[in-house]
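Please look over the chain shown here before reading the briefing below.

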Amino acid sequence: MSFIKKITSGMEKKYILATCFSPFVMIGEVAFETMIPIVMVSLIDEGIVKNDFQFVLSKGLLIIVMSLLSLCCGSLGSFFGAAGSQGFSKNLRRRLFSKVQGFSFKNTDHFQVSSLITRLTTDVTNAQNVYRQLIQFSFRAPFMLIAGTIMAFHLNKSLALVFLVSIPVLALFIAFVSVKAYPRFAVMLEKYDGLNTIVQENLIGIRVVKSFVRRDFENLKFDETASALRKAHERAEKLVILNMPVMLFVMYATTISIFWFGGKMVVFGNMSSGELISFLSYVVQILTSLMMVGMIFITMVLSKASLNRIVEVLDEKEDIVSPVASSSVKTLSSFDIDFENVSFSYSGNLENAVLKDINLHIPSGSMVGLIGGTGSSKSTLVSLIARLYDVQKGCVKVGGRDVRDYDLDVLRKEVGVVLQKNVLFSGTIRENLKWGDENATDDQLIKACISSDADSFIQNFPEGYDYVLTQGGNNLSGGQKQRLCIARALLKKPGILILDDSTSAVDTKTEGRIQKALREMYPDTTKIIIAQRLSSVKDLDFIIVLDNGLISGIGTHQELLESNKIYQEVAKSQESAGDADIA
């Protein structure tokens with residue numbers, strides 16, 4: 001019951017009503033179908049045999065009316081079943097998507113992106129199919145089985161024993177398929193994840209593929225993955241495809257047996273022709289209902305793997321959540337930042353910590369730089385400020401309060417982050433900028449873009465701020481995308497702005513203009529700039545040097561040149577490489 005609640009929780013009332021109506025009207029369909037053979041007995045034995053045309057006409061019209069009523073009930077049942085199952089899948093996809101939106105970076109690390117896509121599409125579709133079968137046939141099939149069996153025994157008890165032999169045969173076969181098929185379909189879904197991974201990586205990195213002329217390699221890799229999926233699918237389907245032949249064999253064998261024994265009864269006068277034909281109708285109904293039950297069980301087995309994968313996402317515990325409303329802090333008094341004895345590990349094991357005993361104070365309104373070699377955990381350090389991850393030791397404070405005390409939305413609204421990988425969405429420049437503030441005026445958009453030095457190139461487009469970006473903003477240069485992302489972050493009016501190597505694609509003069517605008521136009525905002533070039537940080541209030549998860553030094557450009565060996569080595573290497581701005 002708890003499993004059902006997990007996947008159906010939150011459904012809208014209209015879809016719940018459709019779900020309830022579907023089995024109700026399907027039972028009506030079965031009731032009329034069950035009554036037709038009884039009327040047929042009298043039509044044949046009393047009307048046709050005795051050549052009573054008036055009787056045949058009246059009973060025939062009655063059968064037509066019941067058939068039409070059965071058709072109406074069946075159509076309504078299908079309509080309500082489709083509405084209920086579509087509502088179920090809509091609700092389930094919405095809950096899954098909403099759940100993923102609440103994941104921290106650590107949560108998303110548990111699932112590959114391709115796997116989440118499969119769960120939101122293929123797995124939910126499988127769940128929808130089994131839901132529809134359940135609400136349409138889980139009541140119809142058993143009801144028809146019971147009603148048909150009662151009527152068959154009512155017509156001829158001894159002949160009814162013949163078709164009872166088929167029931168254990170079908171039950172054993174269904175049980176066999178159910179046990180054997182599930183693990184095979186679980187493997188098949190994992191292969192789907194692998195295929196989605198290949199497609200996603202290739203489409204995102206299509207420019208890299210073309211520039212390195214790796215099309216043939218990617219085609220071969222895709223073929224191998226697709227072949228693995230095909231083999232897993234074939235292995236799973238080998239069992240399922242036996243379902244229909246076995247069921248039809250049992251059905252036809254039972255029908256032939258009924259004809260054999262029933263025919264003899266008619267010859268010897270123990271059964272009328274009408275009763276035999278009606279009995280056969282009931283046998284067909286009974287065996288058809290058994291086939292439906294079998295299909296429901298098999299579909300449930302096949303969907304069990306999908307349902308388990310869906311529930312895994314729904315059961316994933318969000319490790320970063322807001323404190324309870326009564327104790328959460330709703331406002332930030334200032335934007336100074338403190339790291340107190342902070343250690344952090346992605347695995348949770350501090351023996352593998354990527355940040356170790358970090359103690360750091362960044363005054364509110366200051367503009368500081370953060371440098372370090374690749375893998376020195378610069379991005380990890382700033383991710384802790386907005387609680388994209390939580391520390392395992394020590395605490396991170398903003399405005400004198402532990403970030404874990406703040407309401408999560410309140411904290412993150414005050415932290416603007418421009419990541420290393422710039423993400424823009426298809427739509428106009430204006431629409432992308434308004435991610436920062438959906439109510440921003442044109443003047444505010446222009447101010448943010450002037451600050452990020454983006455307004456100059458935007459005005460060169462004929463459409464200006466209504467210029468349409470392709471997916472990922474691929475019709476812009478790398479530097480243009482970076483400047484738009486900075487403007488978008490500024491529209492949040494954040495108290496803390498983090499630029500994670502987000503000016504690497506612009507020239508030093510443009511970068512200088514951006515930094516000057518940030519200092520003059522946003523003096524109260526605490527600004528942290530992660531960079532690889534020393535020219536990007538040399539004029540900031542102070543610079544933090546990270547080395548292998550440890551703070552190697554803190555000071556101004558000149559102080560670090562005099563006292564910090566790592567900074568001296570970086571300066572020397574960049575100066576020899578021709579970066580005149582360092583000198």
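Predicted model: local features only at pLDDT ≥ 70, side-chain atom pairs only at ≥ 80, totals over all residues.

Residues are numbered from 1 along each chain as its sequence is written, and side-chain values use heavy atoms, with hydrogens and water left out.

**Overall dimensions**
- The chain has 20 helices and 12 strands, taken as DSSP runs (helices H or I, at least four residues; strands E, at least two) numbered from the N terminus.
- The chain has a radius of gyration of 35 Å, whereas a compact globule of 583 residues would have one near 25 Å, a value taken over C-alpha atoms with the globule rule of 2.2 Å times the number of residues to the power 0.38.
- Along the principal axes, the C-alpha atoms fill a box of roughly 115 × 50 × 45 Å.

**Helix 5 and helix 6**
- The axes of helix 5 (residues 113-155) and helix 6 (residues 157-164) come within 6 Å and cross at roughly 140°, with axes fitted to C-alpha atoms over the stretch in contact and angles running from 0 to 180 degrees between N-to-C directions.
- T149, A152, F153 and L155 of helix 5 meet K157, A160, L161, F163 and L164 of helix 6, where contact means heavy atoms within 4.5 Å.

**Strand 11 and strand 12**
- Strand 11 (residues 542-547) and strand 12 (residues 550-555) run antiparallel and are joined by 5 bridges, pairing being assigned if DSSP finds at least two bridges.
- I543 stands opposite G555 in strand 12.
- The hairpin of these strands has 2 residues between them, and N548 takes a positive phi near 55°.
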